[in-house]
Amino acid sequence: MTNWFYLHLRAFSLALKRLASQPLGTLLSALVVGIALSLPAAGYLLLDNVASLARGVSGTPEISVFMTQEATAAEIAAVEQRLRAETDLAGFRHVPKDEALRQLEESGIGDVLGALTSNPLPDAFIAMPLGDDPALYEALHARFAAWPGVAHVQLDSAWVKRLHALLGLGQSAVLLLAGLLGFALVIVTFNTIRLQILTQRHEIDVSRLLGATDRFIRRPFYWFGTLQGLLGGVVALATVWATVQALAGPVASLAETYGTVFSLAGPGLRESAAILGFAAFLGWLGSAISVRRHLAERLS
């Protein structure tokens with residue numbers, strides 16, 4: 001194990017020296033990888049911010065459970081107990097019929113309600129589901145409607161379905177863009193490693209004559225591609241952060257004109273790690289394919 005770590009450390013150091021020996025080429029390659037990766041990263045970040053803004057503007061969707069007019073106090077208490085035992089709810093509140101009537105009177109239609117001889121409104125419960133999955137709303141709707149004493153269950157999940165459909169479309173587009181650009185970056189790394197192999201062909205031949213194994217010769221190229229991709233990931237992160245900082249002020253000002261407080265959020269720790277990891281993987285993949293294709297020809 002110690003020898004394995006030593007060999008990788010040696011290959012890592014050699015790859016760093018090769019990157020440092022050609023600063024202009026390293027910088028240009030990192031810029032190509034970084035700018036290309038910043039496009040899907042910014043797209044994903046935009047979708048995440050749009051989803052947060054839509055949830056904030058539309059509010060948390062709720063499910064209204066209306067009791068029958070003839071519902072007894074025992075039936076109302078039983079429904080309240082069942083709601084309390086629901087693990088899929090973030091919370092609920094009971095709206096007695098008298099309170100609902102008072103709210104209607106305060107809304108400006110008290111004269112109309114004054115002509116009524118009795119309260120036409122039923123007792124109701126307002127439930128807040130835990131999450132915004134449309135399937136969860138449908139399941140809760142069917143479950144609540146089957147309870148004794150419940151006359152009607154109303155849920156406004158249409159905007160949730162539209163939001164999920166739009167976000168799903170956007171995520172598919174971002175994934176497609178990431179796949180296409182990732183393929184292009186693999187090709188870039190492929191050609192870079194090919195040039196490295198051609199440049200160091202004499203060194204490779206000498207190492208082979210001295211008894212160096214295939215893994216020993218390939219290992220520095222793997223690290224070279226990985227580090228090149230990682231540098232591109234750093235450039236992508238810097239590009240995304242710079243874009244967020246440049247747009248944060250105008251976006252906040254635009255949201256203020258609509259009476260909404262909104263702050264454009266940058267990539268978090270998980271998103272940053274994903275960008276760096278994806279970039280490093282693309283660099284390793286391009287180098288692995290190139291090494292197996294071109295270096296094998298010289299070692300055969």
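Biologist: Which are the buried residues of helix 1?

Modeller: This is a predicted model, and in it the buried residues of helix 1 are Ala 11, Ala 15, Arg 18 and Leu 19. They cover an arc of only 100 degrees around the axis, which puts them on the same side of helix 1.

Biologist: And which exposed residues does the face turned away from that buried side carry?

Modeller: That face of helix 1 carries Thr 2, Asn 3, Phe 5, Tyr 6, Leu 9, Lys 17, Ala 20 and Ser 21.

Biologist: What span does helix 1 reach?

Modeller: Helix 1 comprises residues 2-21, 20 residues in total, and reaches 28 Å from its first C-alpha to its last. That is close to the 28 Å expected at 1.5 Å a residue.

Biologist: Let us step back to the whole chain. How many helices and strands are there?

Modeller: The chain has nine helices and four strands. Along the sequence they follow the pattern α-α-β-α-β-α-β-α-β-α-α-α-α.

Biologist: What share of the residues counts as buried?

Modeller: Of the 300 residues, 36% count as buried. The chain exposes about 17,300 Å², and carbon and sulfur atoms supply 65% of that area.

Biologist: What part of the contacts with a separation of 6 or more comes from residues 24 or more positions apart?

Modeller: Such residues account for 85% of those contacts.

Biologist: Now the largest nonpolar core. Which members touch the most others?

Modeller: The largest nonpolar core has 17 residues, and Ile 63 and Phe 144 touch the most other members. Two or more residues each come from strand 1 (63-67), helix 3 (73-85), strand 3 (124-129), helix 5 (134-145) and strand 4 (150-155).

Biologist: Which element gives the most?

Modeller: Helix 5 does, with four residues.

Biologist: What is Ile 63 in contact with?

Modeller: Beyond its neighbours within four places in sequence, Ile 63 is in contact with Phe 125, Ile 126, Ala 127, Pro 129, Tyr 137, Leu 140, Phe 144, Val 153, Gln 154 and Leu 155. There is also a second, separate core of 16 residues, which includes Leu 181, Leu 237, Val 244 and Leu 282.

Biologist: Back to helix 5, please. Which of its residues are buried?

Modeller: The buried residues of helix 5 are Pro 134, Leu 136, Tyr 137, Leu 140 and Phe 144. They cover an arc of only 150 degrees around the axis, which puts them on the same side of helix 5. The helix has twelve residues and reaches 17 Å from its first C-alpha to its last, close to the 16 Å expected at 1.5 Å a residue.

Biologist: How many aromatic pairs are there?

Modeller: The count comes to three aromatic pairs. One involves Phe 144 and Trp 147: their ring centres are 4.8 Å apart and their planes stand at 50 degrees, so the pair is tilted.

Biologist: Are Phe 144 and Trp 147 buried or exposed?

Modeller: Both Phe 144 and Trp 147 are buried.

Biologist: What about helix 3, which residues are buried there?

Modeller: In helix 3 the buried residues are Ile 76, Val 79 and Leu 83. Seen down the axis they fall within an arc of 60 degrees, so they line one face of helix 3. The face turned away from that buried side carries the exposed residues Ala 73, Ala 74, Gln 81, Arg 84 and Ala 85.

Biologist: Which elements do the buried residues of helix 3 pack against?

Modeller: They pack against strand 1, strand 2 (89-95), strand 3, helix 5 and strand 4.

Biologist: A loop residue next. Where does Gln 69 lie?

Modeller: Gln 69 lies in the loop between strand 1 and helix 3, and it is partly exposed, with a relative accessible area of 35%. Not counting residues up to four places away in sequence, Gln 69 touches Lys 97, Asn 119, Pro 120, Leu 121 and Pro 122. Its C-alpha is separated by 8.4 Å from that of Ala 151, 82 residues apart along the chain.

Biologist: Finally, why does Thr 189 count as buried?

Modeller: Thr 189 counts as buried because its relative accessibility is 3%, and buried means under 20%. Thr 189 has its place in helix 6 (residues 158-199). Leaving aside neighbours within four places in sequence, Thr 189 is in contact with Gly 225, Gln 228, Leu 282, Gly 283, Gly 286 and Ser 287.

Technical notes
Residues numbered from 1 in each chain as written. Predicted model: local features only at pLDDT ≥ 70, side-chain atom pairs only at ≥ 80, totals over all residues. Heavy atoms only, no water. Core = buried A, V, L, I, M, F, W, Y, C linked by side-chain atoms within 4.5 Å. Buried < 20%, exposed > 50% of the residue type's maximum accessible area, 1.4 Å probe, protein only. Contact = heavy atoms within 4.5 Å. Expected span 1.5 Å × (residues − 1). Arc of directions from axis to C-beta. Areas by Shrake-Rupley, 256 points an atom, 1.4 Å probe, with all protein chains shown as cover. Phe/Tyr/Trp six-rings, centres within 6.5 Å; stacked < 30°, edge-to-face > 60°.
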